[in-house]
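Me: Please go through this structure with me.

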Amino acid sequence: MSSLVLELKQGESMILNGAVIRFKTRTRLELNSHARFLFGKQIMSAEDATSPLRQAYFALQQAYISDEEERPEALQRARDNIRRLMGEAPEAQREDWSALLRLTSEETVLDALKRARQMIRAAESAPQGN
């Protein structure tokens, strides 16, 4: 079994199997077993879910960090949210939303989070029209 070493700065937060952990000092930790975690800029607060893409990311995040019993329902809520947002999106963006929706299975929800982050970065770095 391989391990994953993470280095986190003082004040950074991490969600590990649904628990929020805030580091008071610079920390280096090693995960030796499978765990669902997000840290740093990967974590989005509900207040930051201010656009359709951010709302989709937040819903996926909640599904990803939910415990085993809650995960299926949270994942279904995320899928329903993405379908709704896809229906409201401009035609030119629907393929991206469709690709995101295809990644929303129990096994690929982390990939869906990565895809949503990429979509957010692209949308927020695009020049704004007049």
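Me: Is R77 buried, partly exposed or exposed?
Reply: R77 is partly exposed, at 48% relative accessibility (buried is under 20%, exposed over 50%, with a 1.4 Å probe and protein chains only). The model is predicted, so local features need pLDDT of at least 70 and side-chain atom pairs pLDDT 80 or more, while totals for chains, interfaces and linings use all residues. Numbering runs from 1 along each chain as its sequence is written, and side-chain values use heavy atoms, without hydrogens or water.

Me: What does R77 form with E73?
Reply: The two form a salt bridge, with 3.1 Å between the closest N and O atoms (the criterion is a Lys or Arg side-chain nitrogen within 4 Å of an Asp or Glu carboxyl oxygen). E73 is exposed, at 56% relative accessible area.

Me: How many residues apart are they in helix α2?
Reply: R77 and E73 are four residues apart in helix α2, which means that about one helical turn separates them (a helix is a DSSP run of H or I, at least four residues, numbered from the N terminus).

Me: And what about D80 and R83?
Reply: Their side chains meet in a salt bridge of 3.3 Å, N to O. D80 and R83 are three residues apart in helix α2, so about one helical turn lies between them. D80 is partly exposed at 40% relative accessibility, and R83 is partly exposed at 40%.

Me: Which residue does E95 meet?
Reply: E95 meets R102 in a salt bridge, 3.3 Å from N to O. R102 is exposed, at 56% relative accessible area.

Me: Which residues are joined into one network?
Reply: E7, R26 and R28 are joined through salt bridges that share partners.

Me: How many salt bridges does the structure hold?
Reply: The structure holds ten.

Definitions and conventions:
Helix = DSSP H or I, 4+ residues; strand = E, 2+ residues; numbered from the N terminus.
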